[in-house]
Amino acid sequence: ANDGTTSTALSSSAITVSNTAPTAPGVEITPVDAVSGDDLTCTVTTASTDVDGDALTYAFAWDVDGVDYASATDSATDSVVDGVDVGGDETWTCEVVAGDGTGTSGVGTDSVLTAEDCWSLSFDGVNDYLTAFDIVEAQPTTIAFWIRPDDVSSMRSYFMNDGIAAHSLSADIRPGKFTWSLTDDGWDTLDSTTSAVAGEWTHLVLQWDGVNASLYVNGAIENTASSGYPQSKSYVARFGMGVLGGVNGYLDGNLLDLQVYSRALSASEILAGFETPFTTSSGLLAHYLDGTSSATDHSGNGRDATLVGPSWELDCP
């Protein structure tokens with residue numbers, strides 16, 4: 001201070017203006033039931049707040065199965081992963097922080113486990129079945145498919161040629177086992193050594209090569225025997241229907257990737273078909289249930305199936 005004659009000593013003081021970090025945002029990834037090929041969107045569902053009234057911005061970070069992913073498209077309040085980068089059985093995590101220009105908030109996070117975009121056909125065990133086409137008997141035949149039974153405690157048929165009246169081919173679950181049966185003047189039945197387990201996917205191949213009937217389970221032959229093939233007739237193939245229209249039980253479970261061939265596939269072809277989807281087309285009569293929700297024949301032969309009751313379920317091996 002100065003009174004016009006003298007001045008006091010100069011004095012000063014200082015204050016520190018502190019910054020309060022914003023609150024953590026609430027975030028959500030959608031869709032919550034994502035499958036492979038879906039776009040994933042991470043959205044700020046609960047906005048951060050800042051007691052200082054500072055303007056806020058959000059920063060997004062993604063990872064998939066613990067590996068950083070840097071190709072998302074961000075906007076002010078969401079971030080999108082392109083579906084072309086999304087596979088099945090992957091864990092995607094989104095982390096978001098709010099910033100006020102000085103500090104950052106705690107982390108808001110959400111995760112989603114993706115499923116394979118693969119549909120199998122579910123049979124209710126009461127009256128569901130699939131009608132395919134006429135199988136000409138007395139010729140080599142291979143029938144391949146995945147099956148996930150839900151009931152293995154009683155007899156459940158998963159294949160029958162005709163299944164309502166006369167029949168000569170049958171494939172069933174008999175408590176704890178898969179079977180493959182043929183008849184000319186008496187039934188020849190092959191049992192699996194692998195147990196049929198409720199809720200578990202198993203790959204089956206039913207075959208007759210002109211002399212021997214064979215049953216393959218998960219790519220390996222488990223039973224074979226000389227068997228006279230049925231009469232030279234043609235009966236419609238039905239899947240999921242029990243003997244004589246369900247007297248011995250309809251299938252309670254799911255089927256997938258059903259293929260019928262007019263020849264005996266080799267052991268190496270069958271093993272390859274278990275490890276990856278069949279790629280051979282030689283002798284292919286029909287191909288159903290390829291993972292899409294359609295009863296179309298994907299062999300190109302126009303033998304579309306008719307569904308009586310079963311529904312599509314997002315479940316595959």
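Reply: Happy to! One term to begin with: contact means heavy atoms within 4.5 Å. This is a predicted model, in which local features need pLDDT of at least 70 and side-chain atom pairs count only at pLDDT 80 or more, while totals for chains, interfaces and linings use all residues. Residues are numbered from 1 along each chain as its sequence is written, and side-chain values use heavy atoms, with hydrogens and water left out.

Me: OK, contacts then. Which residues does Phe159 touch, leaving out those up to four places away in sequence?

Reply: Phe159 touches Ile135, Ile143, Leu169, Ser170, Ala171, Trp180, Leu206, Ala237, Arg238, Phe239 and Gly240.

Me: And how many residues are in the largest nonpolar core?

Reply: The largest nonpolar core has 38 residues. Such a core is a set of buried Ala, Val, Leu, Ile, Met, Phe, Trp, Tyr and Cys residues joined through side-chain atoms within 4.5 Å. Buried means under 20% relative accessible area, exposed means over 50%, and partly exposed is in between (1.4 Å probe, protein chains only). Phe159 is among the residues with the most contacts inside this core, and so are Ile143, Phe145, Ile147, Tyr158, Trp180 and Phe239.

Me: Which strand gives the most to this core?

Reply: That is strand S10, residues 129-136, with four residues. About the labels: helices (H or I, at least four residues) and strands (E, at least two) are DSSP runs, numbered from the N terminus. Another core lies apart from the largest one; this other core has 18 residues, including Ile29, Phe60, Trp92 and Ala98.

Me: What does S14 pair with?

Reply: S14 has strand S13 (residues 169-174) as a partner, antiparallel over six bridges. S14 also pairs with strand S15 (residues 187-195), again antiparallel over six bridges. Two strands pair if DSSP finds at least two bridges between them. Thr179 in S14 is the bridge partner of Asp172, and Thr183 stands opposite Trp187 in S15.

Me: How many residues sit between the strands in the hairpin of S13 and S14?

Reply: Two, and Gly176 in that hairpin takes a positive phi near 85°.

Me: Where else is phi positive, in a residue that is not a glycine?

Reply: Asp89 has a positive phi of about 55°, and Asn218 has one of about 50°. Asp89 is in the loop between S6 and strand S7 (91-99), and Asn218 is in the loop between strand S17 (212-217) and strand S18 (220-226).

Me: Are those two buried or exposed?

Reply: Asp89 is exposed, with a relative accessible area of 56%. Asn218 is partly exposed, at 29%.

Me: You mentioned S6. In what order do the strands of its open sheet come?

Reply: The four strands follow the order S1-S2-S6-S5, with antiparallel pairing. The edge strands, S1 (26-30) and S5 (73-74), each pair on one side only. Between S2 (residues 40-46) and S6 (residues 78-81) there are four bridges, and Cys42 has Ser79 in S6 as its bridge partner.

Me: Where's the cis peptide bond?

Reply: The cis bond joins Thr30 and Pro31, with omega about 0°. Pro31 is in the loop between S1 and S2.

Me: Last topic: how many disulfides are there?

Reply: There are two, where a disulfide is a pair of cysteine sulfur atoms within 2.5 Å. In one of them, the sulfur atoms of Cys42 and Cys94 are 2.1 Å apart. Cys42 lies in S2 and Cys94 in S7, so this pair ties together parts that are 52 residues apart in sequence. Both Cys42 and Cys94 are buried.

Me: And which cysteine does Cys118 bond with?

Reply: Cys316, with the sulfur atoms 1.9 Å apart. This pair links distant parts of the chain, 198 residues apart: Cys118 is in the loop between strand S8 (108-113) and strand S9 (120-124), and Cys316 is in the segment after strand S23 (311-313). The link is left-handed, with -85° about the S-S bond. Cys118 is buried, with a relative accessible area of 17%.
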